[in-house]
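Here are my notes for your review. Please read them alongside the model.

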Amino acid sequence: MSQPSCPKAALNDESRQFALLVNSVTDYAIYMLDTRGMIRTWNPGGQRIKGYRADEVIGTNFSRFYLPEDAAAGVPQRNLHTAAVEGRCIEEGWRLRQDGSRFLASVVIDPIWDDGELIGFAKVTRDITERHRAQERYQKLQANLLQAQKMEAIGKLTLGLAHDFNNLLTIIVNCLELIGTRVKDGAVAKLIETAMRAAERGALLSRQLLTFGRGQTLSPERVNLADAMRECQELLQRSAGDRVTVVFALQDKLPHVSVDKAQLEAAVLNLVCNSRDAMPNGGTITITASAKKTHDPAADAQAAAPHVCLSVEDDGEGIPLADQARVFEPFFTTKAVGRGSGLGLSQVFGFTTQSGGFPQLSSVPGQGTRVALCFPASEG
Ligand SMILES: Nc1ncnc2c1ncn2[C@@H]1O[C@H](COP(=O)(O)OP(=O)(O)OP(=O)(O)O)[C@@H](O)[C@H]1O
Ligand SMILES: [Mg+2]
């Protein structure tokens, strides 16, 4: 016959079971604090998440897990106070591991009452860094995708406009030429000449728009980007002006890329002129050509493939964050009327994407700007 269970043994069993449960949990740090925040118990989850063994933390204050600035601002004690007064404190915040690295913690602190007296706190911490990073990655991907869709839509619109504009200009130029054959001199001939010049400017504009809309006829050839930069070194230095030093860091033995050389030179010239304008008091432009395995960040599903990247970096005024998503749009300019038409980076964008590559912009206001053009390395 079985013995009736003794209540004390049951209680012992229950607390043992509870201890077993807490000590089996490795995804959550579950531990108790006394009323001052001194750590009284520890579990394997605490060790896994924060890196400390039980004997390293028991008896020390839980504020050691907080960032120094949060600890100095009294956040740990404030959280205990909130838990005691409001019955619970729920918080997400950055914490420190033993090795000094940071993790994003989801924290719940519950007060423990005994006969109406506060005797300590139960604290449960979860490491949600990975979830946070995944969310960040997703948001970045989403923003890249939106940006790519926006550029695609503007590109289509621009391409349509540029084509129509071109057709109209062709008619205007043909008619002017016909009139020109009949009127050789006098005031009318001068008017024809003025109209012709305007039509030529219009044609240049529509060519730039065609480039942005990826409708320009390119003549790609096998190019070594380092050699191409050496060839136009003098032109680039001259365009940068006397106050700016142009430094070249060109990797040897680069794989070839397939690009239109004239468009490539125009793109680098556009970048150098932008950098020069961003450094009115002088500075340094660094032009780099290097091979790397990368992929278009707007197309995250792609595997990294061999590319050759040409970058132009300056230590100028940088681009405000709000403008960074817009600088490749045609006609976006922050320069005074007559100083810029806002088509430079559009040419860079159109030429690079039409060549199968992608541009990458990174800029820190007050520190500088780097625009890299990455082209797929051609095989063979
Ligand atoms: N290196 C840079 N540093 C700071 N701002 C830049 C830089 N490059 C581009 N920008 C910003 O991006 C805008 C657009 O550049 P983009 O080259 O397309 O046109 P623009 O230089 O204004 O005119 P254009 O090139 O047609 O003469 C510039 O007006 C400027 O605000
Ligand atoms: Mg420009």
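**Notes on the fold and side chains**

1. Lys253 counts as exposed, at 84% relative accessibility. Buried means under 20% relative accessible area, exposed over 50%, and partly exposed in between, with a 1.4 Å probe and protein chains only. Lys253 lies in the loop between strand 6 and strand 7 (257–259). Its phi is positive, about 50°, although Lys253 is not a glycine.

2. Basis of these notes. This is a predicted model, in which local features need pLDDT of at least 70 and side-chain atom pairs count only at pLDDT 80 or more, while totals for chains, interfaces and linings use all residues. Residues are numbered from 1 along each chain as its sequence is written, chains are lettered from A and ligands numbered from 1 in the order in which they are written, and side-chain values use heavy atoms, with hydrogens and water left out.

3. Arg214 also has a positive phi, about 60°, and is not a glycine. Arg214 is found in the loop between helix 7 (187–212) and strand 5 (221–223). Helices (H or I, at least four residues) and strands (E, at least two) are DSSP runs, numbered from the N terminus. Arg214 is partly exposed, with a relative accessible area of 32%.

4. Two strands pair if DSSP finds at least two bridges between them.

5. Strand 2 and strand 3 (residues 102–114) run antiparallel and are joined by eight bridges. Arg95 stands opposite Phe103 in strand 3.

6. The record. An unreviewed UniProt entry carries the annotation "domain: PAC" over residues 83–140. UniProt positions are given in the numbering used here, feature names are shortened, and annotations may be inferred rather than shown by experiment. Over residues 83–140 the chain is 28% helix and 55% strand. The end C-alpha atoms of that stretch are 36 Å apart.

7. Strand 10 pairs with strand 11 (residues 368–376) in the antiparallel sense, over seven bridges. Pro359 stands opposite Leu373 in strand 11.

8. Aromatic pairs. The structure holds eight. Rings of Phe, Tyr and Trp (its six-membered ring) pair if their centres lie within 6.5 Å; planes under 30 degrees apart count as stacked, over 60 as edge-to-face and the rest as tilted. The rings of Trp42 and Phe65 are stacked, because their centres are 5.7 Å apart and their planes at 25°. Trp42 lies in the loop between strand 1 and helix 2 (44–50), and Phe65 in the loop between helix 3 (54–57) and helix 4 (68–72), so the pair ties together parts 23 residues apart in sequence. Trp42 is buried at 9% relative accessible area, and Phe65 is buried at 1%.

9. A tilted pair. Phe328 and Phe349 are 5.8 Å apart centre to centre, with 45° between the planes. Phe328 is in the loop between helix 11 (321–324) and helix 12, and Phe349 is in helix 12, 21 residues apart. Phe328 is buried, with a relative accessible area of 7%. Phe349 is buried, with 12%.

10. Cluster and charges. Ring pairs link Tyr31, Trp42, Tyr52 and Phe65 into a cluster. Lys50 lies over the face of Phe65, 4.1 Å from the ring centre. Arg95 lies over the face of Tyr66, 3.8 Å from the ring centre. A charge sits over a ring if NZ of Lys or CZ of Arg is within 6 Å of the ring centre and within 35 degrees of the ring normal.
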